[in-house]
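Trainee: I have a model open and would like to learn how to read it. Where do we begin?

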Amino acid sequence: MDPASATDYQRLTERLAVFELTPSASEAHGMLCGLICAGHPQAEATWVEELLAGTDLNDLTAQDCRQSLQALADQTREEIVGPGVGLTLLLPGDERPLPERALGLYDWSRGFLYGLGIAGVDEKDISDQAREVLHDFAAITRLDLDALDESEDDEESLTELTEFAWVAAMLMYEERSRREEPN
């Protein structure tokens with residue numbers, strides 16, 4: 001699944017809507033990224049269990065969703081840990097209205113923090129820079145989405161926040177992966 005694909009974004013959001021947790025595709029992707037960036041040893045399995053909690057494993061909808069989630073998880077892990085340019089956030093496409101895209105970033109950030117929490121990341125165990133990243137993600141989740149309009153300033157601000165989220169997630173991954181390396 002190509003995270004940049006609006007069709008896949010919408011399809012995953014629709015698939016997840018039938019389950020108990022009902023996150024958007026952005027929030028679900030943020031959760032996965034938080035788990036991977038935290039260095040959780042079973043990130044993908046924990047993520048799928050969290051999203052599909054209480055679901056009958058024989059249910060065809062759940063099986064279909066599980067396959068989509070696994071494809072996204074495989075691609076996301078490769079983007080984060082692989083040699084490429086890094087992570088692509090799963091957000092509504094650029095053709096969508098600004099408030100919808102801002103909500104996607106809000107959801108992604110909230111999911112990222114949730115994933116870090118599930119992984120047991122504690123502020124006392126991370127650097128000052130990583131702690132600041134956590135606070136910045138928390139600030140994104142407090143944005144006044146109702147105050148947004150389609151102005152050029154808001155468009156630029158959203159672009160900057162999206163770039164920040166990408167860089168901050170990769171910074172968290174780099175810090176946590178160094179922590180896991182043997183000395």
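**Reading the contacts and the core**

Mentor: Start with one residue. Phe112 touches Gly30, Met31, Cys33, Gly34, Cys37, Phe137, Ala169 and Met172, leaving out residues up to four places away in sequence. Contact means heavy atoms within 4.5 Å. This is a predicted model, where local features need pLDDT of at least 70 and side-chain atom pairs count only at pLDDT 80 or more, while totals for chains, interfaces and linings use all residues. Numbering runs from 1 along each chain as its sequence is written, and side-chain values use heavy atoms, with hydrogens and water left out.

Trainee: Which residues touch the most other members of the largest nonpolar core?

Mentor: First the idea. A nonpolar core is a set of buried Ala, Val, Leu, Ile, Met, Phe, Trp, Tyr and Cys residues joined through side-chain atoms within 4.5 Å. Buried means under 20% relative accessible area, exposed over 50%, partly exposed in between, with a 1.4 Å probe and protein chains only. Here the largest core has 50 residues, and Trp47, Leu69, Trp108 and Phe112 touch the most other members. At least two core residues come from each of helix H1 (6-16), helix H2 (25-38), helix H3 (43-51), H4, H5, helix H6 (128-140) and helix H7 (152-180). H2 gives the most, nine residues.

Trainee: How many helices and strands does the protein have?

Mentor: Helices (H or I, at least four residues) and strands (E, at least two) are DSSP runs, numbered from the N terminus. This protein has seven helices and zero strands. Its elements run α-α-α-α-α-α-α from the N terminus on.

Trainee: Is Gly86 buried or exposed?

Mentor: Gly86 counts as buried because its relative accessibility is 13%. Gly86 sits in the loop between helix H4 (60-81) and helix H5 (98-118). Beyond residues up to four places away in sequence, Gly86 touches Glu79, Trp166 and Met170. Now take C-alpha distances: Gly86 and Ala169 are 83 residues apart along the chain, with 9.9 Å between their C-alpha atoms.

Trainee: How many salt bridges does a search of the whole structure find?

Mentor: A salt bridge is a side-chain nitrogen of Lys or Arg within 4 Å of a carboxyl oxygen of Asp or Glu. The search finds eight. One of them joins Arg15 and Asp64, with the closest N and O atoms 3.0 Å apart. Arg15 lies in helix H1 and Asp64 in helix H4, so this pair ties together parts 49 residues apart in sequence. Asp64 is partly exposed, at 32% relative accessibility.

Trainee: What about Arg131 and Asp128?

Mentor: They form a salt bridge too, with closest N and O atoms 2.5 Å apart. Both lie in helix H6, three residues apart, about one turn of the helix. Arg131 is partly exposed at 22%, while Asp128 is exposed at 59%. Elsewhere, Glu27, Asp107 and Arg110 are linked in a network of salt bridges.

Trainee: What radius of gyration does the protein have?

Mentor: The radius is taken over C-alpha atoms; the globule rule is 2.2 Å times the number of residues to the power 0.38. With 183 residues, a compact globule would have a radius near 16 Å, and the protein's 16 Å agrees. The C-alpha trace spans about 50 × 45 × 30 Å along its principal axes. Buried residues make up 45% of the 183 residues.
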